[in-house]
Amino acid sequence: RSLELTSVGFEDELDSECRVKVQKGSFQSTRLCSKILLTILFMIIVGATALAASLGKLFVGTELQPDTLSPPITITPSPRPISPPPPPTYCEMLFDCQTDRLGNNKYPLNLSQAICNHEYMFGFTRDGLLQWKNCDTNETRVAFDGTHLSKTDSTIFFLLDDDASFQVFGDGGKTLLWKKKCLRPATLHPQCLHRPLLDCPYLHLHKSGDVVLNYIDDHKWNAKLIQDVFFDLFTFSTKPVVKPHKPEDTCEYSHECLTDRISNGADFHLRPGKAICNEHFMFGLSTRGSLELKNCKTNVTKTFFDGTSYGKTDLTYFVLLEDASLNIYNDMNLLWQRNCTKDVSFTPECLADPLLNCPYLHLRKSGDVVLTFQAGNNAGWTERSLDRVYQDLFQADNS
């Protein structure tokens, strides 16, 4: 840049001198000016060459290549990560899982069908067991065993009736194989649930594994565990039901307490380890098959029947029949019986809540077991303690 400024300044100075000499009309001056102009042009060319050389040093090693066409760039979009579908749970692999709710009457469960969630199921196995199951731990509770029937009848199905009773049919619905009556006065209420659209009563399998009966009674919504509204629903379990810890002086510590009442008939029987209870008393079968009335706080026990010498206790059960007789059977063999001394009439649904037929037994808070019945036709309501309506009742008393 300094070279250019020098050249320009020098050029201006010479140009002024030339103009002076031209004005004087000197020919020699004109020739001199031409030489000077050529010299200046030469110096400009040399300076430009030097400038280009100095700029070239800045790009040492850079080789200019002729223009070539670059290959087209292919842009491959990265695929969005796709999550694989979750693997089927064990319940879904074993059963035809419908949903987690079951409506009444119009929604039967056939063999292999069940209501399910991700871990639990309630319904039929393919070989005829109506059961609740934890598919993770394999814990199973059986309500109805139809394995001997399903081999010859593939039309067996379970149905929740309008009155919330559990029913199992065979022969394409022509034969009632099993029925468990609800202890609550549930009645049909259309479209009580809007999503999904279901009538009451209906069953709902919760995520916790609890099967809940939803029904309406006296215009009030109720949701109860099925084991609380059906007497002794599950007759077999592969694992004992885990209950909250109970003190040793309570009856629930040593027995499975069902309720404080028991009605008559085959649906209401007591097996070993099961009893009707209240806070301090129990009436039922011990784990060894003895029929006892026990004060669980003081351990005072009255024994009606000693069943310790009758072999397999799992085949033993107590039942109150329609004529109010007390009976103990072992594999359908009658082991013990006491007949009522009163003329007792069978009365359906004499008690509304819980829904029971007369006669029935009631364990009072005082520890007395009373028989509730109607004596003869058109008779009034009668309650009597057991020692007043049965003879030779107790075999032993440790009080």
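Ring pairs join F122, F158, F166 and F230 into a cluster in this predicted model. Let us look at two of the pairs, starting with a general point. A pair of aromatic rings is described by how far apart the centres are and by the angle between the planes.

Across the protein, the count of aromatic pairs comes to 15. One of the pairs brings F122 and F158 together: the ring centres are 5.9 Å apart and the planes meet at 90°, so this pair is edge-to-face. F122 belongs to strand 5 and F158 to strand 8 (residues 157-160), so the pair ties together parts that are 36 residues apart in sequence. Are F122 and F158 buried or exposed? Both are buried.

The rings of F166 and F230 have their centres 4.1 Å apart, with planes at 35°, so this pair is tilted. Here F166 sits in strand 9 (residues 166-170), whereas F230 is in the loop between helix 5 and strand 16, so the pair ties together parts that are 64 residues apart in sequence. F166 is buried, with a relative accessible area of 1%. F230 is buried too, with a relative accessible area of 1%.

**From the cluster to a sheet**

F122 also has a place in a strand pairing. What is its bridge partner in strand 6? The partner is W132. The two strands concerned, strand 5 (residues 120-124) and strand 6 (residues 129-134), pair in the antiparallel sense over five bridges. They are part of an open sheet of six strands, whose order is 1-4-5-6-7-16 and whose pairing is mixed. Strand 1 (96-97) and strand 16 (236-237) stand at the edges with a single partner strand each, so one side of each has no neighbour in the sheet.

Now to strand 24 (residues 316-320), which is mostly covered: five of its five residues are buried. As a general rule, side chains in a regular strand alternate between the two faces of the sheet. In strand 24, T316, F318 and L320 are on one side, Y317 and V319 are on the other, and both faces are covered.

Which strands pair with strand 24? Strand 19 (residues 269-270) pairs with strand 24 in the antiparallel sense over two bridges, and H269 stands opposite V319. Strand 25 (residues 326-330) also runs antiparallel to strand 24, joined by five bridges. In that pairing, L320 has L326 as its bridge partner. Strand 24 and strand 25 form a hairpin with five residues between them, and A324 in the turn has a positive phi of about 75°.

**Charged pairs**

How many salt bridges are there? The count comes to seven. Three of them are listed here.

| Salt bridge | N to O distance |
|---|---|
| D100 and R101 | 3.4 Å |
| D232 and K274 | 2.4 Å |
| D392 and R338 | 3.7 Å |

D100 is partly exposed, with a relative accessible area of 24%, and R101 is partly exposed at 23%. What of D232 and K274? D232 lies in the loop between helix 5 (226-229) and strand 16, and K274 in strand 20 (residues 274-277), so this pair ties together parts that are 42 residues apart in sequence. D232 counts as buried at 5% relative accessibility, and K274 counts as buried at 8%.

D392 counts as exposed at 60% relative accessibility, whereas R338 counts as buried at 17%.

**A buried asparagine**

N214 is found in strand 14 (residues 211-217). Is N214 buried or exposed? N214 is buried, with a relative accessible area of 6%. The side chains of N214 and W221 are joined by a polar contact of 3.5 Å. Leaving aside residues up to four places away in sequence, N214 touches C200, P201, Y202, H204, W221, N222 and A223.

**How confident is the prediction?**

The protein chain has a mean pLDDT of 81, and 75% of its residues reach 70 or more. Over residues 1-8, however, the pLDDT is below 50, and this stretch has one contact in the model beyond near neighbours in sequence.

Conventions. Residues are numbered from 1 along each chain as its sequence is written. This is a predicted model: local features need pLDDT of at least 70, side-chain atom pairs count only at pLDDT 80 or more; totals for chains, interfaces and linings use all residues. Side-chain values use heavy atoms; hydrogens and water are left out. Helices (H or I, at least four residues) and strands (E, at least two) are DSSP runs, numbered from the N terminus. Buried means under 20% relative accessible area, exposed over 50%, partly exposed in between (1.4 Å probe, protein chains only). A polar contact is a pair of N or O atoms within 3.5 Å; within protein, one must be able to donate a hydrogen and the other to accept it, and residues adjacent in sequence count only if both atoms are side-chain atoms. Contact means heavy atoms within 4.5 Å. Two strands pair if DSSP finds at least two bridges between them. pLDDT is the predictor's confidence in each residue, from 0 to 100. A salt bridge is a side-chain nitrogen of Lys or Arg within 4 Å of a carboxyl oxygen of Asp or Glu. Rings of Phe, Tyr and Trp (its six-membered ring) pair if their centres lie within 6.5 Å; planes under 30 degrees apart count as stacked, over 60 as edge-to-face and the rest as tilted.
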